[in-house]
Amino acid sequence: MTDLKLGKTVDIPASPEAAELDRVPNPHPDTDYVARFVAPEFTSLCPVTGQPDFAHLVIDYVPDQWLVESKSLKLYLTSFRNHGAFHEDCTVAIGKRLRDLLGPRWLRIGGYWYPRGGIPIDVFWQTGTPPAGVWIPDQGVAPYRGRG
């Protein structure tokens with residue numbers, strides 16, 4: 001674990017690879033529960049055109065021994081603002097990075113991307129089957145319907 005960023009002034013990381021994610025001990029490792037993070041204004045860049053892409057991300061996980069520290073997660077997600085990658089790469093890379101850091105019992109990420117070229121792209125990734133009996137709420141993001 002690195003020095004926590006919480007309570008400190010920290011610059012936005014130059015890239016997702018340079019971003020440090022912090023973890024903290026789970027105060028309830030004996031209990032299955034879902035922690036959810038929602039980033040409704042996630043941005044990255046198209047790797048071909050350099051134009052901005054926008055998404056609504058929903059991250060759900062059932063922690064084991066570790067929780068992700070929220071300020072470090074916010075900084076990590078913000079580091080994508082100047083990062084060129086396709087929607088699928090951004091979404092799956094975030095999920096895998098959190099899986100590798102936390103070793104959760106279960107994790108899923110939904111990337112609800114706003115249309116590019118008239119077609120919205122939604123990307124979903126998870127680590128496996130959630131623990132039996134844990135309440136997994138719907139991610140609550142409606143499919144893109146345009147202005148109609």
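Predicted model: local features only at pLDDT ≥ 70, side-chain atom pairs only at ≥ 80, totals over all residues.
**Entry 1**

I began with helix 1, residues 70-78, and helix 2, residues 87-102. Their axes come within 12 Å and cross at roughly 150°. Angles over 145 degrees count as roughly antiparallel, so helix 1 is roughly antiparallel to helix 2. I noted the hand of the crossing as right-handed.

Next I asked which residues of helix 1 meet helix 2. I found Leu73, Tyr76 and Leu77 on the helix 1 side. On the helix 2 side I listed Ala93, Ile94, Arg97 and Leu98. I sorted the residues of this contact by type and got six nonpolar, no polar and one charged.

**Entry 2: the nonpolar core**

I then looked up the largest nonpolar core, which has 26 residues. Which of its residues touch the most other members? I wrote down Phe42, Val68, Tyr76, Leu77, Ile94 and Leu98. Of these names, Tyr76, Leu77, Ile94 and Leu98 were already in my notes from the contact between the two helices.

I also checked which elements supply the core. Strand 2 (35-45), strand 3 (52-62), strand 4 (66-68), strand 5 (106-113) and strand 6 (122-126) each give at least two residues, as do helix 1 and helix 2. Helix 2 gives the most, with five residues.

**Entry 3: Ser79**

I located Ser79 in the loop between helix 1 and helix 2. Is Ser79 buried or exposed? Its relative accessibility is 2%, so I put it down as buried, the limit for that being under 20%.

Not counting residues up to four places away in sequence, Ser79 touches Ile12, Pro13, Ala14, Ser15, Pro16 and Ala19. I also looked at Val10, which is 69 residues from Ser79 in sequence and 12 Å away in space, C-alpha to C-alpha.

**Entry 4: Val34**

At 23% relative accessibility, Val34 counts as partly exposed.

Which residues does Val34 touch, not counting those up to four places away in sequence? I listed Asp60, Tyr61 and Val62, together with Val134, Trp135 and Ile136. Val34 and Pro130 are 96 residues apart in sequence, and I noted 9.8 Å between them in space, C-alpha to C-alpha.

Conventions: Residues numbered from 1 in each chain as written. Heavy atoms only, no water. Axes fitted to C-alpha atoms, helices over the stretch in contact; angles between N-to-C directions. Helix = DSSP H or I, 4+ residues; strand = E, 2+ residues; numbered from the N terminus. Parallel < 35°, antiparallel > 145°, perpendicular 65-115°, else oblique. Left-handed = near helix turned anticlockwise from the far one by under 90°. Contact = heavy atoms within 4.5 Å. Nonpolar A, V, L, I, M, F, W, Y, C, P; charged D, E, K, R; others polar. Core = buried A, V, L, I, M, F, W, Y, C linked by side-chain atoms within 4.5 Å. Buried < 20%, exposed > 50% of the residue type's maximum accessible area, 1.4 Å probe, protein only.
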